[in-house]
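Okay, let's get going, everyone.

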Amino acid sequence: MLTQAPKGTRDVLPADSYRWQYIEDRMRKAAALAGYREARTPVFEHTELFLRGIGDTTDVVQKEMYTFEDKGKRSVTLKPEGTAGAVRCFVEHNLYAEPLPCKLYYLNSPIFRYENPQSGRLREHHQFGMECFGAKEATVDAELILTAYHLLQELGVGNLSVEINSIGCPNCRPVYHQRLKDFLGERINDMCETCRERFDRNPLRVLDCKEKKCQELTKDAPSMLDLLCDECRDHFEKLQRCLDGAGIPYSVNPRIVRGLDYYTKTVFEIVTETPDGKLTVCGGGRYDNLVEQIGDQSIPAVGFGMGLERVLMLLDGEGIELPKPEWYDVFVTFMGGNQQQAFKLVQQLRAAGVKADMDHVGRSLKAQFKYANKTGAPVTAVIGDDEAASGTVKLKRMSDGTEQTVGVKDAADAIRAMKE
(Lines give C-alpha, C1' and ligand atoms only; values in the text may rest on other atoms or scores of the structure.)
Protein backbone atom coordinates (compact mmCIF):
# COMPACT_ATOMS: atom_id res chain seq x y z
CA MET A 1 0.00 0.00 0.00
CA LEU A 2 2.88 2.34 0.75
CA THR A 3 3.93 2.45 -2.90
CA GLN A 4 0.44 2.38 -4.42
CA ALA A 5 -1.71 5.44 -5.08
CA PRO A 6 -5.09 5.41 -3.28
CA LYS A 7 -8.03 3.98 -5.23
CA GLY A 8 -9.53 6.55 -7.56
CA THR A 9 -6.37 8.66 -7.86
CA ARG A 10 -3.74 8.69 -10.56
CA ASP A 11 -0.22 10.02 -10.99
CA VAL A 12 0.63 12.23 -13.93
CA LEU A 13 4.06 11.07 -15.07
CA PRO A 14 6.73 13.33 -16.61
CA ALA A 15 6.24 11.60 -19.96
CA ASP A 16 2.55 12.66 -19.97
CA SER A 17 2.55 16.02 -18.22
CA TYR A 18 3.09 17.91 -21.48
CA ARG A 19 -0.41 16.81 -22.57
CA TRP A 20 -1.95 18.40 -19.48
CA GLN A 21 0.10 21.55 -20.01
CA TYR A 22 -1.05 21.77 -23.62
CA ILE A 23 -4.77 21.64 -22.88
CA GLU A 24 -4.34 23.90 -19.84
CA ASP A 25 -2.66 26.48 -22.07
CA ARG A 26 -5.52 26.32 -24.56
CA MET A 27 -8.05 26.64 -21.73
CA ARG A 28 -6.31 29.73 -20.35
CA LYS A 29 -6.31 31.31 -23.80
CA ALA A 30 -10.00 30.53 -24.34
CA ALA A 31 -10.91 32.09 -20.98
CA ALA A 32 -8.75 35.17 -21.59
CA LEU A 33 -10.30 35.65 -25.02
CA ALA A 34 -13.71 36.04 -23.34
CA GLY A 35 -12.39 38.34 -20.59
CA TYR A 36 -12.18 35.81 -17.74
CA ARG A 37 -9.40 36.02 -15.14
CA GLU A 38 -8.04 33.23 -12.98
CA ALA A 39 -9.04 32.71 -9.34
CA ARG A 40 -7.48 30.04 -7.11
CA THR A 41 -9.50 28.86 -4.15
CA PRO A 42 -8.53 26.42 -1.35
CA VAL A 43 -8.69 22.67 -1.82
CA PHE A 44 -10.95 22.42 1.25
CA GLU A 45 -13.74 24.64 2.55
CA HIS A 46 -16.04 24.72 5.57
CA THR A 47 -18.54 21.90 5.18
CA GLU A 48 -21.45 24.29 5.69
CA LEU A 49 -20.60 25.98 2.40
CA PHE A 50 -21.47 22.84 0.45
CA LEU A 51 -24.46 21.92 2.60
CA ARG A 52 -25.98 25.32 1.93
CA GLY A 53 -24.74 25.79 -1.61
CA ILE A 54 -25.01 22.37 -3.25
CA GLY A 55 -28.00 21.23 -1.21
CA ASP A 56 -28.16 18.57 1.50
CA THR A 57 -30.54 16.44 -0.59
CA THR A 58 -28.07 15.88 -3.42
CA ASP A 59 -26.10 12.68 -3.95
CA VAL A 60 -22.90 14.72 -3.69
CA VAL A 61 -23.65 15.84 -0.14
CA GLN A 62 -25.41 12.65 0.94
CA LYS A 63 -22.88 10.12 -0.35
CA GLU A 64 -19.81 11.55 -2.05
CA MET A 65 -18.14 14.26 0.04
CA TYR A 66 -14.79 13.79 1.76
CA THR A 67 -15.66 15.44 5.08
CA PHE A 68 -13.56 15.34 8.22
CA GLU A 69 -12.97 17.19 11.48
CA ASP A 70 -9.72 19.13 11.74
CA LYS A 71 -7.66 19.54 14.91
CA GLY A 72 -9.70 22.59 15.84
CA LYS A 73 -12.88 20.47 15.82
CA ARG A 74 -14.12 22.25 12.67
CA SER A 75 -15.87 20.29 9.94
CA VAL A 76 -14.11 20.78 6.62
CA THR A 77 -14.67 19.18 3.21
CA LEU A 78 -12.44 18.61 0.22
CA LYS A 79 -14.02 20.41 -2.72
CA PRO A 80 -16.60 18.17 -4.46
CA GLU A 81 -17.18 20.85 -7.14
CA GLY A 82 -15.79 24.26 -8.03
CA THR A 83 -18.70 26.70 -8.08
CA ALA A 84 -19.45 27.00 -4.35
CA GLY A 85 -15.82 27.91 -3.59
CA ALA A 86 -15.84 30.50 -6.37
CA VAL A 87 -19.02 32.04 -4.93
CA ARG A 88 -17.53 32.11 -1.43
CA CYS A 89 -14.44 33.85 -2.83
CA PHE A 90 -16.61 36.36 -4.69
CA VAL A 91 -18.58 37.20 -1.54
CA GLU A 92 -15.70 37.19 0.97
CA HIS A 93 -13.56 39.60 -1.05
CA ASN A 94 -16.44 41.94 -1.95
CA LEU A 95 -15.88 41.44 -5.66
CA TYR A 96 -19.51 42.49 -6.15
CA ALA A 97 -18.39 46.05 -5.28
CA GLU A 98 -16.24 46.13 -8.42
CA PRO A 99 -17.70 46.83 -11.87
CA LEU A 100 -19.86 43.88 -12.91
CA PRO A 101 -19.94 41.40 -14.46
CA CYS A 102 -17.09 39.71 -12.62
CA LYS A 103 -15.65 36.95 -14.82
CA LEU A 104 -13.56 34.25 -13.11
CA TYR A 105 -12.06 30.96 -14.17
CA TYR A 106 -10.26 28.20 -12.33
CA LEU A 107 -7.98 25.59 -13.84
CA ASN A 108 -6.55 22.22 -12.82
CA SER A 109 -8.66 22.55 -9.70
CA PRO A 110 -8.67 19.24 -7.78
CA ILE A 111 -12.19 17.91 -7.15
CA PHE A 112 -12.88 15.08 -4.70
CA ARG A 113 -15.86 12.73 -4.76
CA TYR A 114 -16.14 9.40 -3.02
CA GLU A 115 -17.72 7.33 -5.76
CA ASN A 116 -16.76 4.32 -7.83
CA PRO A 117 -14.00 5.41 -10.23
CA GLN A 118 -15.21 5.47 -13.82
CA SER A 119 -13.86 6.31 -17.23
CA GLY A 120 -12.58 9.89 -17.14
CA ARG A 121 -13.93 10.45 -13.63
CA LEU A 122 -11.74 9.56 -10.65
CA ARG A 123 -12.23 10.16 -6.93
CA GLU A 124 -9.69 12.93 -7.36
CA HIS A 125 -10.07 14.60 -10.72
CA HIS A 126 -9.38 18.07 -12.05
CA GLN A 127 -11.62 20.71 -13.52
CA PHE A 128 -11.53 23.78 -15.68
CA GLY A 129 -14.41 26.07 -14.85
CA MET A 130 -15.67 29.53 -15.82
CA GLU A 131 -18.05 31.55 -13.64
CA CYS A 132 -19.69 34.90 -14.43
CA PHE A 133 -21.26 36.99 -11.66
CA GLY A 134 -23.58 39.95 -12.09
CA ALA A 135 -24.96 39.33 -15.60
CA LYS A 136 -28.61 38.34 -15.94
CA GLU A 137 -28.92 38.31 -19.72
CA ALA A 138 -29.04 35.07 -21.72
CA THR A 139 -26.17 36.35 -23.83
CA VAL A 140 -23.70 35.39 -21.10
CA ASP A 141 -25.19 31.88 -20.89
CA ALA A 142 -24.59 31.60 -24.62
CA GLU A 143 -21.10 33.09 -24.28
CA LEU A 144 -20.08 30.35 -21.87
CA ILE A 145 -21.62 27.56 -23.94
CA LEU A 146 -19.88 28.80 -27.07
CA THR A 147 -16.53 29.26 -25.32
CA ALA A 148 -16.61 25.69 -24.01
CA TYR A 149 -17.87 24.27 -27.32
CA HIS A 150 -15.23 25.98 -29.47
CA LEU A 151 -12.47 25.09 -27.00
CA LEU A 152 -13.36 21.39 -27.18
CA GLN A 153 -13.67 21.61 -30.94
CA GLU A 154 -10.24 23.22 -31.29
CA LEU A 155 -8.65 20.61 -29.01
CA GLY A 156 -9.95 17.94 -31.39
CA VAL A 157 -12.90 16.41 -29.53
CA GLY A 158 -15.29 15.27 -32.26
CA ASN A 159 -19.02 14.59 -32.61
CA LEU A 160 -19.93 17.47 -30.30
CA SER A 161 -23.40 18.79 -29.66
CA VAL A 162 -25.05 20.98 -27.05
CA GLU A 163 -28.11 20.03 -25.04
CA ILE A 164 -29.99 22.75 -23.17
CA ASN A 165 -32.95 23.00 -20.84
CA SER A 166 -34.57 25.43 -18.44
CA ILE A 167 -35.49 24.22 -14.95
CA GLY A 168 -37.26 27.45 -14.07
CA CYS A 169 -36.92 29.55 -10.95
CA PRO A 170 -38.40 29.59 -7.41
CA ASN A 171 -41.50 31.30 -8.82
CA CYS A 172 -42.50 28.61 -11.31
CA ARG A 173 -40.70 25.48 -10.13
CA PRO A 174 -42.93 24.64 -7.11
CA VAL A 175 -45.92 24.10 -9.42
CA TYR A 176 -43.84 21.80 -11.58
CA HIS A 177 -42.50 19.89 -8.58
CA GLN A 178 -46.04 19.11 -7.50
CA ARG A 179 -47.06 18.12 -11.02
CA LEU A 180 -44.00 15.88 -11.27
CA LYS A 181 -44.62 14.27 -7.87
CA ASP A 182 -48.19 13.51 -8.86
CA PHE A 183 -46.90 11.79 -12.00
CA LEU A 184 -44.12 9.90 -10.24
CA GLY A 185 -46.29 8.85 -7.32
CA GLU A 186 -48.06 6.28 -9.51
CA ARG A 187 -44.75 4.76 -10.66
CA ILE A 188 -42.21 5.28 -7.89
CA ASN A 189 -42.65 1.83 -6.32
CA ASP A 190 -41.47 0.24 -9.58
CA MET A 191 -38.37 2.44 -9.79
CA CYS A 192 -34.86 1.92 -8.44
CA GLU A 193 -33.91 2.55 -4.83
CA THR A 194 -32.05 5.76 -5.70
CA CYS A 195 -35.14 7.21 -7.40
CA ARG A 196 -37.30 6.25 -4.42
CA GLU A 197 -34.90 8.15 -2.16
CA ARG A 198 -34.94 11.16 -4.49
CA PHE A 199 -38.72 11.23 -4.76
CA ASP A 200 -39.25 12.98 -1.43
CA ARG A 201 -35.96 14.87 -1.26
CA ASN A 202 -35.74 16.21 -4.82
CA PRO A 203 -38.16 14.75 -7.39
CA LEU A 204 -36.47 16.65 -10.23
CA ARG A 205 -33.41 14.43 -9.85
CA VAL A 206 -35.49 11.35 -10.68
CA LEU A 207 -35.40 12.51 -14.31
CA ASP A 208 -31.61 12.21 -14.23
CA CYS A 209 -31.61 8.49 -13.43
CA LYS A 210 -29.45 6.38 -15.75
CA GLU A 211 -31.37 3.13 -15.16
CA LYS A 212 -33.17 2.13 -18.37
CA LYS A 213 -36.25 0.93 -16.50
CA CYS A 214 -36.59 4.27 -14.69
CA GLN A 215 -36.05 6.19 -17.91
CA GLU A 216 -38.83 4.21 -19.54
CA LEU A 217 -41.19 4.85 -16.62
CA THR A 218 -40.53 8.60 -16.76
CA LYS A 219 -40.48 9.08 -20.53
CA ASP A 220 -43.91 10.76 -20.44
CA ALA A 221 -43.18 12.88 -17.37
CA PRO A 222 -44.43 16.48 -17.52
CA SER A 223 -41.90 18.99 -18.81
CA MET A 224 -40.78 22.05 -16.88
CA LEU A 225 -40.74 23.89 -20.20
CA ASP A 226 -44.55 23.81 -20.27
CA LEU A 227 -44.76 25.56 -16.89
CA LEU A 228 -42.10 28.25 -17.14
CA CYS A 229 -43.04 31.72 -15.93
CA ASP A 230 -42.83 34.58 -18.43
CA GLU A 231 -39.38 35.65 -17.26
CA CYS A 232 -37.89 32.15 -17.51
CA ARG A 233 -39.52 31.50 -20.87
CA ASP A 234 -38.23 34.79 -22.27
CA HIS A 235 -34.72 34.02 -21.01
CA PHE A 236 -34.74 30.55 -22.58
CA GLU A 237 -35.99 31.87 -25.90
CA LYS A 238 -33.22 34.49 -25.97
CA LEU A 239 -30.63 31.80 -25.29
CA GLN A 240 -31.89 29.77 -28.24
CA ARG A 241 -31.75 32.80 -30.52
CA CYS A 242 -28.11 33.38 -29.52
CA LEU A 243 -27.21 29.76 -30.24
CA ASP A 244 -29.14 29.84 -33.52
CA GLY A 245 -27.09 32.86 -34.57
CA ALA A 246 -23.85 31.11 -33.67
CA GLY A 247 -24.72 28.15 -35.88
CA ILE A 248 -23.70 25.38 -33.49
CA PRO A 249 -25.60 22.09 -33.21
CA TYR A 250 -27.88 22.09 -30.17
CA SER A 251 -31.11 20.55 -29.02
CA VAL A 252 -33.58 21.13 -26.21
CA ASN A 253 -33.50 18.21 -23.77
CA PRO A 254 -36.11 18.57 -21.00
CA ARG A 255 -34.47 15.73 -19.03
CA ILE A 256 -31.32 17.70 -18.24
CA VAL A 257 -31.58 18.77 -14.61
CA ARG A 258 -27.92 18.54 -13.44
CA GLY A 259 -27.05 17.06 -10.06
CA LEU A 260 -26.81 20.13 -7.86
CA ASP A 261 -29.64 22.06 -6.23
CA TYR A 262 -28.39 25.56 -6.92
CA TYR A 263 -29.30 25.71 -10.63
CA THR A 264 -32.03 28.01 -11.95
CA LYS A 265 -33.23 28.69 -15.48
CA THR A 266 -30.54 27.52 -17.94
CA VAL A 267 -28.86 24.15 -17.57
CA PHE A 268 -26.74 22.68 -20.33
CA GLU A 269 -24.41 19.87 -21.25
CA ILE A 270 -21.92 19.52 -24.08
CA VAL A 271 -21.89 15.89 -25.16
CA THR A 272 -19.98 13.75 -27.63
CA GLU A 273 -20.95 10.52 -29.33
CA THR A 274 -18.66 7.61 -28.45
CA PRO A 275 -18.81 3.90 -29.36
CA ASP A 276 -20.41 3.39 -25.93
CA GLY A 277 -23.02 6.12 -26.40
CA LYS A 278 -23.24 9.74 -25.35
CA LEU A 279 -20.71 11.13 -22.92
CA THR A 280 -20.96 14.50 -21.18
CA VAL A 281 -17.76 16.52 -21.54
CA CYS A 282 -18.91 19.77 -19.96
CA GLY A 283 -21.89 20.80 -17.89
CA GLY A 284 -23.20 23.91 -16.23
CA GLY A 285 -25.95 26.43 -15.99
CA ARG A 286 -27.32 29.46 -14.22
CA TYR A 287 -27.45 29.80 -10.43
CA ASP A 288 -29.07 33.16 -9.78
CA ASN A 289 -29.81 32.54 -6.09
CA LEU A 290 -26.57 30.96 -4.89
CA VAL A 291 -24.71 34.19 -4.10
CA GLU A 292 -27.60 35.29 -1.90
CA GLN A 293 -27.75 31.87 -0.20
CA ILE A 294 -24.08 32.08 0.72
CA GLY A 295 -23.82 35.83 1.33
CA ASP A 296 -26.26 38.72 1.45
CA GLN A 297 -26.12 40.02 -2.11
CA SER A 298 -28.73 39.10 -4.72
CA ILE A 299 -26.52 38.68 -7.77
CA PRO A 300 -27.22 36.49 -10.81
CA ALA A 301 -24.53 34.08 -11.93
CA VAL A 302 -23.81 31.36 -14.48
CA GLY A 303 -20.93 28.96 -15.09
CA PHE A 304 -19.69 25.54 -16.14
CA GLY A 305 -17.20 22.82 -15.21
CA MET A 306 -15.13 20.63 -17.52
CA GLY A 307 -13.07 17.62 -16.42
CA LEU A 308 -9.49 17.58 -17.68
CA GLU A 309 -9.15 13.80 -17.37
CA ARG A 310 -12.26 13.30 -19.46
CA VAL A 311 -11.01 15.63 -22.21
CA LEU A 312 -7.69 13.79 -22.37
CA MET A 313 -9.48 10.44 -22.41
CA LEU A 314 -11.58 11.52 -25.40
CA LEU A 315 -8.54 12.80 -27.27
CA ASP A 316 -6.85 9.44 -26.67
CA GLY A 317 -9.95 7.63 -27.91
CA GLU A 318 -9.87 9.57 -31.15
CA GLY A 319 -6.15 8.97 -31.62
CA ILE A 320 -5.26 12.65 -31.36
CA GLU A 321 -1.63 13.21 -30.45
CA LEU A 322 -0.91 16.54 -28.82
CA PRO A 323 2.31 18.37 -29.80
CA LYS A 324 5.21 17.02 -27.77
CA PRO A 325 7.74 19.71 -26.75
CA GLU A 326 11.46 19.18 -27.15
CA TRP A 327 13.06 18.02 -23.95
CA TYR A 328 16.31 19.85 -24.66
CA ASP A 329 17.75 22.15 -27.31
CA VAL A 330 21.24 20.80 -26.72
CA PHE A 331 23.01 18.15 -24.68
CA VAL A 332 26.55 19.06 -23.63
CA THR A 333 29.09 16.23 -23.54
CA PHE A 334 32.67 16.40 -22.29
CA MET A 335 35.87 14.41 -22.31
CA GLY A 336 38.49 13.95 -19.66
CA GLY A 337 38.69 16.56 -16.94
CA ASN A 338 36.47 19.11 -18.65
CA GLN A 339 33.41 18.61 -16.49
CA GLN A 340 33.60 22.13 -15.02
CA GLN A 341 33.84 23.71 -18.48
CA ALA A 342 30.78 21.74 -19.56
CA PHE A 343 28.90 22.79 -16.41
CA LYS A 344 29.78 26.44 -17.02
CA LEU A 345 28.61 26.22 -20.64
CA VAL A 346 25.29 24.69 -19.59
CA GLN A 347 24.65 27.58 -17.19
CA GLN A 348 25.54 30.14 -19.87
CA LEU A 349 23.21 28.50 -22.37
CA ARG A 350 20.31 28.37 -19.87
CA ALA A 351 20.87 32.05 -19.06
CA ALA A 352 20.48 32.73 -22.79
CA GLY A 353 17.19 30.81 -22.90
CA VAL A 354 18.56 27.60 -24.42
CA LYS A 355 17.31 24.35 -22.86
CA ALA A 356 20.56 22.55 -22.02
CA ASP A 357 21.75 19.68 -19.88
CA MET A 358 24.82 17.52 -19.33
CA ASP A 359 25.84 14.22 -17.78
CA HIS A 360 25.65 14.11 -13.98
CA VAL A 361 26.19 10.40 -13.35
CA GLY A 362 29.75 9.78 -14.58
CA ARG A 363 29.07 8.28 -18.03
CA SER A 364 31.80 7.69 -20.56
CA LEU A 365 31.84 9.92 -23.64
CA LYS A 366 30.31 7.13 -25.72
CA ALA A 367 27.55 6.65 -23.13
CA GLN A 368 26.97 10.42 -23.02
CA PHE A 369 26.31 10.46 -26.76
CA LYS A 370 24.01 7.47 -26.45
CA TYR A 371 22.05 9.19 -23.67
CA ALA A 372 21.95 12.47 -25.63
CA ASN A 373 20.35 10.59 -28.52
CA LYS A 374 17.69 9.14 -26.18
CA THR A 375 16.75 12.60 -24.94
CA GLY A 376 15.97 13.66 -28.50
CA ALA A 377 18.17 16.75 -28.22
CA PRO A 378 18.51 18.11 -31.79
CA VAL A 379 22.07 19.36 -31.12
CA THR A 380 24.96 17.82 -29.20
CA ALA A 381 27.87 19.91 -27.92
CA VAL A 382 31.32 18.49 -27.24
CA ILE A 383 34.02 19.97 -25.03
CA GLY A 384 37.36 18.16 -25.24
CA ASP A 385 40.84 19.31 -24.29
CA ASP A 386 41.30 21.28 -27.52
CA GLU A 387 37.97 23.06 -27.16
CA ALA A 388 38.59 23.84 -23.49
CA ALA A 389 42.02 25.32 -24.33
CA SER A 390 40.70 27.48 -27.18
CA GLY A 391 37.42 28.58 -25.55
CA THR A 392 35.35 26.87 -28.23
CA VAL A 393 32.74 24.12 -28.43
CA LYS A 394 32.01 21.60 -31.18
CA LEU A 395 28.34 21.41 -32.17
CA LYS A 396 26.71 18.53 -34.03
CA ARG A 397 23.23 18.53 -35.53
CA MET A 398 21.86 15.08 -34.84
CA SER A 399 19.48 14.89 -37.79
CA ASP A 400 22.16 15.00 -40.49
CA GLY A 401 25.54 14.96 -38.69
CA THR A 402 26.48 18.54 -39.65
CA GLU A 403 29.26 19.84 -37.38
CA GLN A 404 30.77 23.24 -36.65
CA THR A 405 33.08 24.68 -34.03
CA VAL A 406 32.19 28.06 -32.52
CA GLY A 407 33.33 30.25 -29.66
CA VAL A 408 31.61 29.60 -26.36
CA LYS A 409 30.11 33.10 -26.38
CA ASP A 410 28.49 32.40 -29.77
CA ALA A 411 27.21 28.92 -28.84
CA ALA A 412 23.64 29.92 -27.99
CA ASP A 413 23.03 31.66 -31.34
CA ALA A 414 24.72 28.85 -33.23
CA ILE A 415 22.55 26.21 -31.54
CA ARG A 416 19.38 28.13 -32.40
CA ALA A 417 20.52 28.41 -36.02
CA MET A 418 21.30 24.69 -36.25
CA LYS A 419 17.84 23.81 -34.97
CA GLU A 420 16.07 25.77 -37.71
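Before the pictures, one convention: a crossing is left-handed if the near helix is turned anticlockwise from the far one by less than a right angle, and right-handed if it is clockwise. Helices here are DSSP runs of H or I with at least four residues, strands are E runs of at least two, and both are numbered from the N terminus.

Some housekeeping. This is a predicted model, where local features need pLDDT of at least 70 and side-chain atom pairs count only at pLDDT 80 or more, while totals for chains, interfaces and linings use all residues. Residues are numbered from 1 along each chain as its sequence is written, and side-chain values use heavy atoms, with hydrogens and water left out.

So, helix 1 and helix 5. Helix 1 covers residues 17–33, and its axis comes within 10 Å of the axis of helix 5, with a crossing of roughly 145 degrees. Axes are lines fitted to C-alpha atoms, for helices over the stretch in contact, and angles run from 0 to 180 degrees between N-to-C directions. That crossing of helix 1 and helix 5 is right-handed. On the helix 1 side you have Tyr-22, Ile-23, Arg-26, Met-27 and Ala-30, and they meet Thr-147, Leu-151, Glu-154 and Leu-155 of helix 5; contact means heavy atoms within 4.5 Å. By class, the contact of helix 1 with helix 5 has six nonpolar residues, one polar and two charged. For the classes, Ala, Val, Leu, Ile, Met, Phe, Trp, Tyr, Cys and Pro count as nonpolar, Asp, Glu, Lys and Arg as charged, and the others, Gly among them, as polar.

Now helix 5 again, with another partner. Helix 5 (residues 138–155) and helix 9 (residues 230–246) have axes that come within 8 Å and cross at roughly 45 degrees. Helix 5 passes helix 9 in a right-handed crossing. Residues from helix 5 in that contact include Ala-138, Ile-145 and Leu-146, while helix 9 brings, among them, His-235, Leu-239 and Leu-243.

On to the inside. Which residues have the most contacts inside the largest nonpolar core? They are Val-87, Phe-90, Phe-133 and Cys-195, in a core of 49 residues. A nonpolar core is a set of buried Ala, Val, Leu, Ile, Met, Phe, Trp, Tyr and Cys residues joined through side-chain atoms within 4.5 Å. Helix 4 gives this core its largest share, five residues.

Helix 4 is mostly covered, with nine of its ten residues buried. Buried is under 20% relative accessible area, exposed is over 50%, and partly exposed is in between, using a 1.4 Å probe and protein chains only. Thr-83 sits in helix 4 and counts as buried at 7% relative accessibility. Leaving out residues up to four places away in sequence, Thr-83 touches Tyr-106, Glu-131, Tyr-262, Tyr-287 and Leu-290. After helix 4 comes Asn-94, with a positive phi near 55 degrees.

Last stop, Ala-342 in helix 12, residues 339–351. Ala-342 counts as buried, at 0% relative accessibility. From Ala-342 to Leu-225 is 117 residues in sequence and 72 Å in space, C-alpha to C-alpha.
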